[in-house]
Amino acid sequence: MAAAAADLAGNLYLTGSTGAMNFPTAGSGQNLPGGSPLYRIDPAGSAALLFPPGLSAITAFAASPRDVKTLFAASGASIWRSDDSGASWTTLATIPDAFRIWSIAPSASDPRVMYAGSGPNGLYKSVDGGQTWLASNEGLSPTSAGALNVYQVWIDPFVADVVFISTELGLWRSDSAGAAWVRVATAHNDPPMALMFSGSAIYASVGGQVLKSTDDGATFAVLSALPDLSSPTSLIADPFNAGVFYAGSVWGVYRSADAATTWTRVVSGQCASLAADADRPMIYASMAYANGVIRSSDGFQTSTPVGPPVATPGALTPANGAMFVVTTSSSDGFVTKLDPDGAIVYSTYLGGSGSDSPAAIATASDGSVYVAGTTYSRDFPVTPGVYATSFTSTTYAYSNFIAKLRADGSLAWSSFFANGNTTILSIAVDAQDNPVIAGSTSGQLPVTPGAYQTTFQRAQFCGFFCMPGPTSAFVTKFKSDGTGLVYSTYVAFDSANALVQDAQSIALDGDGRVYIAGTGRLVLLDASGSALLAATSRANVTFNALALDAEGNVYGAGSVALSPYTDPFPATDGAFQKEPRPGTPSLPLQPYPGGGSDAIVMKWDAALSRVQAATLLGGESYDSASSVAIGRSGEVIVSGTTDSKSFPTSSPFQTSFSPRSGFVAAFDPNLSTLRYSTYLGDRRPFEARLAIADRNGDLLVAGSMLTAGSLFLANDPGATFNTGDLVAANKIRLLATAAPRLDTVVNAASHLAAPLAPGEAVVAQGSGFGANAKLLLDGVEASIVSRSATALTAVAPAGLRTSGTVEVRVSSDGADSNTVLAPAAVASPGVYSRDGSGYGAGWILNSDGTFNSADNPAAAGSAITIYATGAGAVTIAGGSVVTPLAPAVFVDGFYARGVGSASGPVDGLPGDVYRISVYVPDPAAENPSNPNLVGFKLPSQVGLQLVFGAVNALNPANSDTISQLGVVLYVK
């Protein structure tokens, strides 16, 4: 999900992109995707999109050489089969060790025999029609990294036992039906991509050259090369003209009239695949970023586009008189409207045959909604008479779009806008229902006469050579009927000649004046787009959202980058949070306080002349705000994403269940008091994109579950979860909270809202706790160690659940607090610090029993004892403590060998304290064969963490069950 919006009636609108073939649709909009991973072109040139359920991405495709209606496809490690020319599909098998299947080859002589090339574990063969598979890699060599990727498989049509495959290391041949392999041509980082059987000869492309064999592939000799020396990715013979061959490469389509001895380029562009129609003299070519699939009957002297204009068509496979085309994975936009009770009013696809990505959404007064974003679809569903009815980019693969949907979800109008130099990031609607879009551009923006800046003013950075400078923000207002532009302008510089690089967010006042904000800048334009009225800057801040209150004051929300090299965030006097927290010490391998990013909220007067209020909002790790809205009582509602376990909460209904969670919080108008704040989401990573109050004061919240992407950030396991998954929408009814009020329950050592474990010492924080206050975990009273009006220190029951969810509440003077849901765990470690803050000098004893400190450091190789809680339900065996999960201690990222452990009361600490003794690592002595550690000594201050259970091999600090960062061990 990319964005959400709500109207005055309490309807919630969601938009984003989906690759699903079965996204739930309803109403009168677009009920089928605009693109499909597979389509079929009939002899007349018309195309049918097949929408195979479960096959949103196809990595391999093949037609049965025996049954013209039988097709095979692979997605990931699964193989699918269709017996009706692609109309329906069933799963044939999954090959557990095949991470990705690259190719499928069914035998022409035996319907039971099939081959599947995969990576990184090589070739598999089935002799029962694809039901079961066994590896067939005898004689094959993996790469130096140990991978064996089999990209292509070809079966000799004349000798069934002769099979060829391609890997990174070359072309391989088997004359024993895959039982053993011999390399017949060598490649270096350019695997053979094409092989062709023609009469008594075999032709192959290897290492950029075309090879020929006349002994059934036992040996190959270099025959020719393409004129530009590019590597052929496809080779085919013309079945109607002897000696006429075609080759495809990244530079085009080539024709040879002398059996591959010489070549002439006949089509320019990137060719992904070639295929010949066996029944009629027609050659097909799939051309990326051009016209999709083209075909020719005259050797490509002329050609005709056929099928949808897909930007990246792939493999071509003739079968049953038609041509099947596999495309790269694409996505369609979606728009879903939910009524105040959460029922679907309408849900529709929005897109064409390429990938479409809505980025912003806004509602209009008549119940319609505007959506804008980017598209790779040249057949995006635009309507007649609008500003731009054709794809606006010839140089770029993508363009932009803006669309209006009526109250029933049908398309009112839709237009292209600008080329790939421009990216729409935000949208708003004025009082006359004219949509205003904004974003970033690198030039070629359509501008209107009299606009503020009509020329792109790109700065340059010059040293030894000059490089293009940053992008420019832009603002464009469309007419409400989409037929043209009211105005369109660059906003590259403000009146102080400061750069304005983008417009991540936009807001309009009642007079139609436009506020835009993004990377470090907030700008005000007049209603005609012809003048800049005001601007302000804030270094290291990104504004993701803007909102205006009833008095015209401007609120911006987003994030601030925190580091030792940037200026502190200028929080105002009386702000809720003035400093990043907690104040973790500066340690090797550990993040800056605040985790490098905190959410922020700022308030200006309407003229942007003064910052009226500014506050941080964050914990020990990454935090960022994605939306801001003004509630019925003037409260400032903020939502976003947090990886922190110490994120500030007030009257929450849950703590954090995942490495990455959503949040929603509300401040008073002065940003000094947190009126409420809670985590959002279950054990699946989650980000909140919108939180807004409806007319009854209930919160409408929307966001999406996340899956792991490619990003890895040390000390922040939540960072990798940045790819959208399931969309979630909620309505939250805020209940009045009288005394007692529960704000959070944290580990007594780490002060983090981590999972709760049996026997763990915890602190419940809030207000209104009386002298008889009780802490109840799943209704069971915890043993109170100490109490005050704002905190209860207690020990969790030994029989506390170790999975699922724990209900936490405080009972005081006959009244119950709000219930807070917290995750349960087998163990949840926290290491005690000397000052009780959870950070700084650890509660650690040196080998002589004295406290470790800067004045009393431990020697490398000596024993230390660490004091902690949250080890779980421990038992005693042989005089030692046995924990349900194996413990491990890491010092400055180095594993510390264990000595022993104990558990029992300790003066000054609550409950039974878990104590583990380990040796301080001496990396140079313990790893003498590692040249990087020769002469290495631990710094005088290092971080120390305790892990229970599985250790993250990539980075121990990202292990699931681990103590807090920021505990210091002093070493000499």
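Here is the tour, from the overall fold down to single residues.

**Before you click**

This is a predicted model, where local features need pLDDT of at least 70 and side-chain atom pairs count only at pLDDT 80 or more, while totals for chains, interfaces and linings use all residues. Residues are numbered from 1 along each chain as its sequence is written, and side-chain values use heavy atoms, with hydrogens and water left out.

**Whole chain**

Along the principal axes, the C-alpha trace spans about 95 × 75 × 60 Å.

Colour by burial next: 56% of the 972 residues count as buried (under 20% relative accessible area; exposed is over 50%, partly exposed in between, with a 1.4 Å probe and protein chains only).

**The largest nonpolar core**

Select Ile864, Ile866, Val889, Val891, Tyr914, Leu944 and Leu969. Of the 24 residues in the largest nonpolar core, these touch the most other members. A core here is a set of buried Ala, Val, Leu, Ile, Met, Phe, Trp, Tyr and Cys residues joined through side-chain atoms within 4.5 Å. Now show β69 (863-869), β72 (887-891), β75 (909-919), β76 and β77, each of which supplies at least two residues of this core. The largest share, four residues, comes from β76.

Zoom in on valine 889. Neighbours within four places in sequence aside, its contacts (heavy atoms within 4.5 Å) include Ile866, Phe894, Ile916 and Leu944. For a second, separate core of 21 residues, select Val560, Ala571, Ala575 and Leu616, which are among its members.

**Threonine 961**

Go to the loop between β76 (941-948) and β77 (967-970), where threonine 961 sits. Is threonine 961 buried or exposed? Threonine 961 is buried, because its relative accessible area is 19%, under the 20% cut-off. Beyond residues up to four places away in sequence, threonine 961 touches Ala827, Ser828, Pro829, Leu946, Val947 and Phe948.

**Proline 340**

Next, pick proline 340, in the loop between β31 (332-338) and β32 (344-350). Proline 340 is partly exposed at 31% relative accessibility. Setting aside neighbours within four places, proline 340 contacts Ala9, Gly10, Asn11 and Lys731.

**Backbone checks**

- Glycine 119 and proline 120 are joined by a cis peptide bond, omega about 5°; proline 120 is in the loop between β10 (114-119) and β11 (122-126).
- Arginine 581 and proline 582 are also joined by a cis peptide bond, with omega about -10°.
- Asparagine 497 is not a glycine, yet its phi is positive, near 65°; asparagine 497 counts as exposed at 59% relative accessibility.
- Leucine 608 has a positive phi too, near 60°, but leucine 608 is buried, at 6% relative accessible area.
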